[in-house]
Amino acid sequence: MMRMEVQFNNRSTSLSILPVRSQIDVEDCPWRRLELTKLGGHWKPPQTLLTPSISSPPHSKMWSRHLLRRLLPSPVTAGTPSPLIRHLSITAAPTTDSTSIASSLAAAVTKLSSTPPPATSPEAYFSLHFSDVRPTTALLAETLSLSPPATSRAAADLFRFLVRRSLHPSDGALALVVRHLARRRDFPAVRALLQEFPSALGPDTLKAYLFHLARAGRDTDALKVFDELPDQLRTREALTSLVSSLSSEGFPQLAERAVKKVAHEIFPDDNICTLLVSGYADAGKLDHALRLIGETRNGGFQPGLDAYNAVLDCVCRLCRKKDPLRMPTEAEKFLIDMEANGIPRDAGTFRVLIKNLCKIRRTEDAMNLFRRMGEWGCSPDADTYLILIKSLYQAARISEGDEMVTWMRSAGFGDKLDRKAYYGFIKVLCGIERVEHAIKVFRMMKGYGHAPGTKSYSLLIEKLARHNLGDRSNALFREAVARGVTVTQGVYTIDKRYVKEKEKVVKKRLTLPEKKILKSKRLYKLKMSFVKKPRRRMRA
């Protein structure tokens, strides 16, 4: 046997090691010395640590090496302490969890945004509590996703702190903070960040900034931001972001003006023209959309198919508003014009037609069009299935709606049947007072692994209570509480249609002979009331 002496905190510990054939020099194991140095011990000279055996049988050679390999770590795992040393160590190395760090950072951001804020400055607060955090873009994204929207300025301070630590102010990282600030419409803070980190401004940050400016109704500010961009950022991608933001938020005329203004620098392509046509069509300006399509054709290129589908949707919406009976005719005229210009139909075209037919409650025509999609080589997408399922449920065609759900799963769109889709089905079924089938769809949702939310539970609890099914409503409420879903108790009035009314007893009108019989009975009872009844004697 060989002995190895190790000192920990002035206390010596001896370990026994089986003999090996040749002497092992501890100086050749630097990772071993490093482990014992971290634990507070030190090595003795090599000759006092290990003493080789004089002779060992051949069969014990492999066995001893096997045991020694299990005790001594290999150079590949030199950074990890061996099981023996780990057993002797007092404390284990702490493990860092990115999720817990992000939660702590989000809590700190929330605290800094509270009223009154802490006495220290945000930079001092972050330096005091998070000085050992290694910042990454993923950590920043997770922190901002856990932070409430009211923490805009504190989020900007957090970004500055992480940049001072070691975070590279890239376009992706800055876009996350700009998006978080713009949700609260804190555009002065966004401008301050862009002035502080001008080198980090890129396509993602610019797209987020322009989109939220247009969404907040500040279309002129978005145009001003694009005009003030340096030359290296005034690219076709930036112009596309500007046109997309303005067109999607109802400012297509301003977007067209901006495109014409910079046409000598950036000539518009088919993507920009498609966005402009779609913006006019979404705004209900059919004349401008058709004019722009004609100008695009004269320019030598065709707008995209999305532009034609948007114009078709605009035609259907205008017909629904003015004269719903003319909608199929006007839609067919536009489809013929598309085919004349070499524009084929796709799944989006059929989706637009089916959606608008369902809007005017022509579900049977929508189903016929759905069955004829294969004639044009098109297959329905997930949105088309969802529209038809809701329309069938709305028309009280419950069995056909369930069959359409089965078809949707068979077509490979089962992942689109999420909690939001099932809630839409339940809402439609409750709207037509088919609560029993809504409960069936609710159970189907849970069967496929989708946890119901607050809206689903609240809607079904209210409907069951109004249908005079209080026991089932209370059971559903207890189930929601057991699952941890936040449901508010309420007092619901039972619908009069479901209240069980008491049956009114209608007195039967007696005939003259029946009246005489009842009168004779009453007289007999009256006469017998004056007769003294004999006492009953007890028998001996």
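Reply: A nonpolar patch joins side chains of Val, Leu, Ile, Met, Phe, Trp or Tyr within 5 Å, from residues with over 30% relative accessible area and no salt bridge. Accessible area is computed by the Shrake-Rupley method with a 1.4 Å probe, and for residues only the protein chains shown count as cover. The model is predicted: local features need pLDDT of at least 70, side-chain atom pairs need 80 or more, and totals for chains, interfaces and linings use all residues. Numbering starts from 1 along each chain, and side-chain values use heavy atoms, without hydrogens or water.

Leu523, Leu526 and Phe530 make up such a patch on the surface. Together they have about 360 Å² of accessible area. Leu526 sits in helix 27, residues 512–528. Helices here are DSSP runs (H or I, at least four residues), numbered from the N terminus.

A salt bridge puts a side-chain nitrogen of Lys or Arg within 4 Å of a carboxyl oxygen of Asp or Glu. The structure has 27 of them. In one, the side chains of Arg234 and Glu265 meet at 3.5 Å, N to O. This pair links distant parts of the chain, 31 residues apart. Arg234 is in the loop between helix 12 (219–227) and helix 13. Glu265 is in the loop between helix 14 (252–261) and helix 15.

Note on methods. Patches are made of residues with over 30% relative accessible area and no salt bridge: like charges are joined within 9 Å, nonpolar side chains (Val, Leu, Ile, Met, Phe, Trp, Tyr) within 5 Å. Helices (H or I, at least four residues) and strands (E, at least two) are DSSP runs, numbered from the N terminus.
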